[in-house]
Amino acid sequence: MSNDLMRFSVAMPEDLLVRFDHLVARRGLAKNRSEVIRDLVREALVEDECATPGRIVMGTLTIVYNHHANDLQEKLHHIQHAYLELIVSSMHVHIDESNCLEVIILKGETGLVQDVANLIIGTKGVKTGRLVMTTTGSFI
Ligand code: NI
């Protein structure tokens, strides 16, 4: 495959095109329709790869919890030690007197990464949790 740019035309309803042009404008002067469409295609391909069983992905899991909650920190540590082959790194931030934010970086097969993230998010006392997955992808 070549990296040469190929041209193709796209038909869409006028309303949708107007809204798309607003999106292009919000992305800044360095972006034009073609570049924003390329970005959106890459995002869709990354999302598709991350949803494909067997693919190796990177995950960023952000959780917020109350560190006074019973045994919670110990449970979270236990999970991370149990799956240390998937846990690349973590960062802990003390938000206020009670709340902590933790960012956990995971790498591994997409299903395993999601399972471990769900285990952490599902631990009693975790207030919020969100996993964002990505991949380098051969198309980027
Ligand atoms: Ni803390």
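The model is a predicted one, and its chain is divided into domain 1, covering residues 14-50, and domain 2, covering residues 56-134. Between the centres of domain 1 and domain 2, taken over C-alpha atoms, there is a separation of 31 Å.

**Helix α3**

- In helix α3, which spans residues 72-82, the buried residues are L72, L76, I79 and Q80.
- An α-helix has 3.6 residues a turn, so residues three or four places apart point the same way.
- The other side of α3 carries E74, H78 and H81, which are exposed.
- The cover over the buried residues of α3 includes the strands β1 (56-66), β2 (87-94), β3 (99-109) and β4 (126-134), together with the helix α4 (110-121).

**A nonpolar surface patch**

- On the surface, F8, V10, M12 and L16 form a nonpolar patch, and together these residues have about 400 Å² of accessible area.
- One of them, M12, is placed in the segment before α1 (14-26), and M12 is partly exposed, with a relative accessible area of 31%.

**Backbone at D71**

- Most residues other than glycine have a negative phi.
- D71 has a positive phi of about 60°, although D71 is not a glycine.
- D71 is located in the loop between β1 and α3, and with a relative accessibility of 47% this residue counts as partly exposed.

Definitions and conventions:
Residues are numbered from 1 along each chain as its sequence is written. This is a predicted model: local features need pLDDT of at least 70, side-chain atom pairs count only at pLDDT 80 or more; totals for chains, interfaces and linings use all residues. Side-chain values use heavy atoms; hydrogens and water are left out. Domain bounds come from an automatic or database domain assignment. Buried means under 20% relative accessible area, exposed over 50%, partly exposed in between (1.4 Å probe, protein chains only). Helices (H or I, at least four residues) and strands (E, at least two) are DSSP runs, numbered from the N terminus. Contact means heavy atoms within 4.5 Å. Patches are made of residues with over 30% relative accessible area and no salt bridge: like charges are joined within 9 Å, nonpolar side chains (Val, Leu, Ile, Met, Phe, Trp, Tyr) within 5 Å. Accessible areas come from the Shrake-Rupley method with a 1.4 Å probe; for residues, only the protein chains shown count as cover. A salt bridge is a side-chain nitrogen of Lys or Arg within 4 Å of a carboxyl oxygen of Asp or Glu.
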